[in-house]
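Ready for some practice in reading how helices pack?

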Amino acid sequence: MKMRPNSALAMMALILGLGSSQLLHAADTTAQVQTLVNQGQHSQALAMADRLLASNARDPQARFLKGIALTELNRLDEAVAVFQKLTGDFPELPEPYNNLAVLYAQQRQYEKARAALEMAIRTHPSYATAHENLGDVYARLASQAYDKALQLDSANAAAQSKLALIREMMSGTNQGSAKTRIATAAAAPAPATPTPTQPATAPNTPVASTPAAESAKAAVPATAPTATPAPTTPAAATTQTRAPVTATAAAAPATAAAADAAQSAEREALQMVDEWAKAWSRKDVKSYLSYYDKDFRAPGGVSRKTWEQEREQRVGKPGKIAIDIEKPTAKIDGDVATVRFRQHYDSPGFNSSTAKTLELVKRNGAWRIRQERVGG
Amino acid sequence: MIAGRRLLVRLLLALWAVTLPAAVSAASAQRGISDAGPDASLEYVFGEIEANRLDSALERTETLLRAYPNFRLAHLIKGDLLLARAKPIATFGNASGGSERIRELRDEAIARLRAYRERPAAANYIPRYLLQMGPEQRYAVVVDTKRARLYVYANDAGKPRFVADYYISHGKAGTDKKVEGDNKTPLGVYQITSFIEQAKLPDLYGSGAFPINYPNEWDRRLGRTGHGIWLHGTPSDTYARAPLSSEGCVTLANQDFLQLSNFVEPGLTPVIISNEIEWLSLDDWQAERKGLQEAIERWRRDWESVDVDRYLAHYSKDFRSDHQDYSDWVAQKRRVATNRQWIKVGLDKLSMLRNPGRDDMVVVTFEQNYRSDGMSDRIRKRQYWLKEGGRWKIVYEGKA
């Protein structure tokens, strides 16, 4: 069960009336913590949150982000304590309940998770993430109840197939809903559409998807490159979807050139990906964008124009970046190629390592990117 | 809600189909029978499901599980109610795998609900079998296998008074045991013979066991075989077993077994096992017992009359004792009677327990105080009285 802590507190800003100047100032700083969290710099985020809390121990945003950082650092008991306290002090906020539930569920304490999510929904009946998580928790609880009803144990083959089935259904659900959750994490607690590409447009929202280049400015230099494997944190992964990547030498297209047409198509596809990454690395926006097909589906359903403007702004940002493409593989199916690789992104402020998949389509004899997504 | 609806429809189709026909006659919802134990809650849960109040149903199910943590049926219902919140569900028991066990739990649900919905009005109805409990028999046990139910009656100055009832399981091959190993539960009038404590038994038997005297006189006469028919508890890993799951024993939840042991006395407490209890109104019950009481009294008086033909007229042509058939019996009685001047017969501690089944047969047990100018003795005696052509006749007589 991949339930994402909800790292956004846009609603909270409204709820708490953050319009007041004092609070605005505070939000300014928590925004930085938020950025660190989004970048996967959890130790730094934790440190900054603690500094903030030293002057204002009650600050719900800082506490919330501290809870998330602790969660990501796998300090789960401390994270639980933070969120528990938050739910006690701000029972009207759904997010702490939701995240508390996520932690409980990780510890297989589904009844507690359920209670927490039901509280989240009680305060915010339309809170989609909590609803989805609660659905998962119910399914888990149902599975436990069935185990008790039928005296199944893991040693039992029937039990295994049954449990596997439920897991499969759930992971299927998760895949469908994962985006929603990620997006929710990235944007507002509303059942957000996957709009990770819009960080610039919503500066007030603590946007998980802040691209790396932008956050390069964000105070904390890469003391320790956090090379987080992409699948661990969907939020980070989402970020990395847009993370500019510099192709370094590693992206060696298949050298073993065969006369075979398929092999040559494969080689061409890998070649294109290599060039694309290189263009990105040297911040050649025009060339970079030229690798995207006219039918390219911009993430988040934004228009091509909006997307291009965004990329232009971000890729073209000052600061050195290095992109490494590791172990690219291409699968050719007629005029469509699927290229998978691990993308290492290196910048002064942000490092990432993520699995990525590009779907290419052949257009006038050249491969072009039709879809770009994180994950195998 | 759609999910809940589907669950509801399937459940109720399955359950109403079985329970509706008889439920009408037993609609009287008098407090008493089945109000203890989980079945009232179960009925409530199904009622809430029917009304599509799934939250309330789940709440009560969870309450139920707090009281009965090993209640698998409730776990299954809980699973369904939870899953219905996560996705649409199709049927009763949505766990895949273990379909046989799901079927068993479904059977248990049906049995419990049927017993609950068709529970007799305790105050006004009496199991037909308890025509007269003996003065030493403080309690009697009556089993209804179709409803998967065991009822305990107290002896209230000769009149049976409902005390408690419990869900039970019986033989996986059903009832009417005939031969050893047929996995069936015997039908008839039996008696608790002893108690075996938990420590001396494997876990399968749960909190202990009360063996009964199968095969009894009548079973032996019919050539029925087998042994080791007990009332006993349940393995520690479950609250209850499927309705048809034993090798012929009657099994109860451990806590029910322990309660039952407060009532049961080895050597005294009768156990009558029936397919489906016939319930009599008080008036009918009185009428039925009166007819037999009079027949027994006539037999006693005719014996005292020293007129052996009048005495023998009470015996059926099908009569057999343990060692004699009718003609041997008649010959012996005539021989003994020739020298008799006077006979006095007293009957004490009389009990009359009707044998379940089509025939009008009653097991009569008493202490017989026999005095005469020849010999005198005091013995416990058992007779089987059968109504033949409208008249009560003795078909078996022996020491009890």
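The exercises below concern a predicted model, and each comes with a worked solution.

**Exercise 1.** Find how helix 6 and helix 7 of chain A are oriented relative to each other.

*Solution.* 
Step 1: Locate helix 6 of chain A at residues 94-106. Helix 7 of chain A spans residues 110-123.
Step 2: Look at the axes of helix 6 and helix 7 of chain A, which come within 8 Å and cross at roughly 165°.
Step 3: Angles over 145 degrees count as roughly antiparallel, and therefore helix 6 and helix 7 of chain A are roughly antiparallel to each other.
Step 4: Check who meets whom. Residues of helix 6 including Y97(A), L100(A) and Y104(A) meet residues of helix 7, among them A113(A), L117(A) and A120(A). By class, this contact of helix 6 with helix 7 of chain A has 12 nonpolar, two polar and one charged residues.

**Exercise 2.** Repeat the analysis for helix 7 and helix 8 of chain A.

*Solution.* 
Step 1: Helix 8 of chain A covers residues 128-150, and its axis comes within 9 Å of that of helix 7, with a crossing of roughly 150°.
Step 2: That angle makes helix 7 of chain A roughly antiparallel to helix 8 of chain A.
Step 3: The crossing of helix 7 and helix 8 of chain A is left-handed.
Step 4: On the helix 7 side, the contact includes R114(A), L117(A) and I121(A); on the helix 8 side, it includes L134(A), V137(A) and L141(A). The residues of this contact between helix 7 and helix 8 of chain A divide into nine nonpolar, three polar and three charged.

**Exercise 3.** Which UniProt annotation covers residues 94-127 of chain A, and how much of the span is helix?

*Solution.* 
Step 1: In the model, the span of residues 94-127 of chain A is 79% helix and 0% strand.
Step 2: The end C-alpha atoms of residues 94-127 of chain A lie 8 Å apart.

**Exercise 4.** Now try chain B: how are helix 2 and helix 5 of chain B oriented to each other?

*Solution.* 
Step 1: Helix 2 (residues 39-50) and helix 5 (residues 99-117) of chain B pack at about 100°, with their axes 9 Å apart.
Step 2: Angles of 65 to 115 degrees count as roughly perpendicular, so helix 2 and helix 5 of chain B are roughly perpendicular to each other.
Step 3: Among the residues in contact, L42(B) and F46(B) belong to helix 2 of chain B, while L113(B) and Y116(B) belong to helix 5 of chain B.

How values were computed: Residues numbered from 1 in each chain as written. Chains lettered and ligands numbered in written order. Predicted model: local features only at pLDDT ≥ 70, side-chain atom pairs only at ≥ 80, totals over all residues. Axes fitted to C-alpha atoms, helices over the stretch in contact; angles between N-to-C directions. Helix = DSSP H or I, 4+ residues; strand = E, 2+ residues; numbered from the N terminus. Parallel < 35°, antiparallel > 145°, perpendicular 65-115°, else oblique. Left-handed = near helix turned anticlockwise from the far one by under 90°. Contact = placed C-beta atoms within 7 Å. Nonpolar A, V, L, I, M, F, W, Y, C, P; charged D, E, K, R; others polar.
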